[in-house]
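Please read it alongside the model.

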Amino acid sequence: MNNILVTGSTGQLGRDVVKELSKRGYSTLSPNRSELNLCSEDSIKNYILNSNCEAIIHCAAYTAVDKAEYEKDLCIKINATATKYIAKCAKKLDIPMIYISTDYVFDGTKDGKYTENDETNPINIYGESKLIGEKYVQEIVEKYYIVRTSWVFNIKGKNFIETMLSLSKTNNQLSIVNDQIGSPTYTRDLARLLVDMLETNKYGLYHATNEGYCSWYEFANTIFKLADINIDIKAINSNEYVSRAKRPLNSKLSKNKLIEHGFTPLPLWQDALKDYLIRRKDY
């Protein structure tokens, strides 16, 4: 297997996936939006079926969670319908496909960690669109990996860390939500795992995040501590923070299945954050 198609190669995860593939000697196909238009079935089929690709890592997605609430059709077209067409191409070519999904397929009401077998019940349009995409992949593709992740961050990307660091320059106090719990996930670490998966035939649905859990408030506190920034942070509840889309309060994902199938767990999120803050200085 050599020629790997990566959708969304300029996005947070896609960029690191291309880097990891190249590091391991794979050649990659990284189409831009005009070459592979996710809103066009013809564009998707024409590109993929003529690409000679031997695997697909589908990272491209509509990820504006709040905006999706009033752009439902576009969100579903990109996250679900386009995924269906890509899955059909993977099926026709008889090649493996990795689809990136989200913790937002759950409603967040469970007490413990969510396993891959737990009932899904998205509470926002984004989560709904990604769940529909999951179902298309499971129905159409035989050689599939569906990987649910959460709270991703990448160097040079638009993410929570950069938002916090930017806000700290113009604010003396910040109010951060303290009742949503999940796992920050470094795309550099996740990309390594995705390529590891592609080098096996251990197909299926997996949860993959950096190890450990925290609230957004705890995440922000750790960012400022490691970055040596002195700022006052106030903990608030989700109902005090106005947003268009509802978020699950519990986004703890169990990674036991990863370990059972012989995959190396991702590092602790705190260690991932340290690495991120060191590397971003070089950009």
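Which residue stands opposite Ala55 in E3? Ile4 does.

This is a predicted model, where local features need pLDDT of at least 70, side-chain atom pairs count only at pLDDT 80 or more, and totals for chains, interfaces and linings use all residues. Residues are numbered from 1 along each chain as its sequence is written, and side-chain values use heavy atoms, with hydrogens and water left out.

Helices (H or I, at least four residues) and strands (E, at least two) are DSSP runs, numbered from the N terminus. Two strands pair if DSSP finds at least two bridges between them. E3 covers residues 55–58. Its pairings are tabulated here.

| Pair | Sense | Bridges |
|---|---|---|
| E1 (residues 3–7) and E3 | parallel | four bridges |
| E3 and E4 (residues 97–102) | parallel | three bridges |

Ile56 stands opposite Met97 in E4. Ala55 and Ile57 point one way from E3, and Ile56 and His58 point the other way. All four are buried. Buried means under 20% relative accessible area, exposed over 50%, and partly exposed in between (1.4 Å probe, protein chains only).

E3, helix H3 (residues 72–93) and E4 make a right-handed β-α-β unit. Right-handed means that, with the strands pointing away from the viewer, the path from the first strand over the helix to the second runs clockwise.

**Helix H2**

H2 spans residues 41–49, and its buried residues are Ser43, Ile44, Tyr47 and Ile48. Seen down the axis of H2, they fall within an arc of 110°, so they line one face of the helix. The arc is that of the directions from the helix axis to the C-beta atoms. The cover over these buried residues includes E1, E2 (27–29), E3 and H3.

**Thr149**

Thr149 lies in strand E5 (residues 144–149). Thr149 is buried, at a relative accessible area of 6%. A polar atom of its side chain lies 2.8 Å from the backbone oxygen of Ala208. Not counting residues up to four places away in sequence, Thr149 touches residues including Ile100, Asp103, Thr185 and Leu253. Contact means heavy atoms within 4.5 Å.

**Cysteines**

Cys39 is partly exposed, at 39% relative accessibility. For Cys53, the closest cysteine sulfur is in Cys89, 8.3 Å away and also too far for a bond. Cys53 is buried, at 6% relative accessibility.

How values were computed: Disulfide = S-S within 2.5 Å. Polar contact = N/O pair within 3.5 Å; in protein donor to acceptor, adjacent residues only side chain to side chain.
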